[in-house]
Amino acid sequence: MDKPNPYQDGHDYQDGRDYRWGPAYPPDAAEYGHGFAPAPPAPLGAQGAPGFPGSPPLMIGDITVVQDSVMTPNGTLPLKGAVWNVTDLSRTEEKTPTHAIVLAVVFSVFCLLGLLFLLMKERRTTGYVQVGVAGGGRHHTTLIPATGPETLYWVMGQVAHARLLSA
């Protein structure tokens with residue numbers, strides 16, 4: 001396979017150039033990107049989506065609150081009169097880790113103070129916090145992964161702020 005395209009049948013371009021892999025460049029372009037209009041420079045400062053000045057005031061999962069509307073993957077809802085719901089679907093488990101049990105057994109042979117290792121606890125939070133918004137005949141629900149017990153309080157604070165904006 002000495003040619004890059006075995007199905008070419010030896011045809012060259014009309015202007016006499018050989019066939020090459022990759023995009024076709026304009027004849028006056030020395031390298032890729034030359035001869036094309038450059039992208040306009042980005043303005044300084046925080047800019048949000050086109051048509052919305054500044055960054056959005058609030059984002060909860062895939063729900064974005066901007067000016068007077070709530071943008072979701074299901075469509076745009078009016079912010080005025082939107083109803084917000086939060087459901088805690090997370091749980092925090094507390095257990096004695098395996099290494100604490102091993103240390104308690106090993107050190108209880110030497111002295112009874114080794115039993116204090118059984119007081120070690122390990123907490124693990126799993127699950128999600130569900131946030132729903134409804135208004136204007138539409139409804140959207142999103143799940144936010146719970147990384148700790150403080151996740152619920154953070155989401156409740158965000159939703160309280162969204163409820164203030166909706167009033």
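**Strands, core and surface of the predicted chain**

Ser69 lies in strand S3, which spans residues 69–72. The model described here is predicted. Ser69 counts as buried because its relative accessibility is 10%, and buried means under 20%. Beyond residues up to four places away in sequence, Ser69 touches Thr64, Thr76, Leu77, Pro78 and Leu79.

Gln67 has a phi near 40°. That value is positive, in a residue other than glycine.

The chain as a whole has two helices and seven strands. From the N terminus on, the elements run β-β-β-β-β-α-β-β-α. Buried residues make up 23% of the 167 residues. Among contacts between residues at least 6 apart in sequence, 53% join residues at least 24 apart. The accessible surface comes to about 12300 Å². Carbon and sulfur atoms account for 60% of that surface.

The largest nonpolar core holds 16 residues. Those with the most contacts inside this core are Ile60, Val70, Trp84, Val131 and Val133. Four elements each supply at least two residues of the core: strand S1 (58–60), strand S2 (63–66), strand S6 (122–135) and helix H2 (150–166). In soluble globular proteins, nonpolar side chains tend to be buried together.

Pro97 lies in the loop between strand S5 (83–95) and H1. Pro97 is buried, because its relative accessible area is 6%, and the limit for buried is under 20%. Leaving aside neighbours within four places in sequence, Pro97 is in contact with Met120, Lys121 and Glu122. Pro97 and Glu122 are 25 residues apart along the chain, yet their C-alpha atoms are separated by 6.2 Å.

Ile101, Val105, Leu112, Leu115 and Leu118 make a nonpolar surface patch of about 470 Å². Val105, one of these residues, is placed in helix H1, residues 98–110. Val105 counts as exposed because its relative accessibility is 54%, and exposed means over 50%.

Methods
Residues numbered from 1 in each chain as written. Predicted model: local features only at pLDDT ≥ 70, side-chain atom pairs only at ≥ 80, totals over all residues. Heavy atoms only, no water. Buried < 20%, exposed > 50% of the residue type's maximum accessible area, 1.4 Å probe, protein only. Contact = heavy atoms within 4.5 Å. Core = buried A, V, L, I, M, F, W, Y, C linked by side-chain atoms within 4.5 Å. Patch = residues over 30% accessible without salt bridge, like charges linked within 9 Å, V, L, I, M, F, W, Y side chains within 5 Å. Areas by Shrake-Rupley, 256 points an atom, 1.4 Å probe, with all protein chains shown as cover. Salt bridge = Lys/Arg side-chain N within 4 Å of Asp/Glu carboxyl O.
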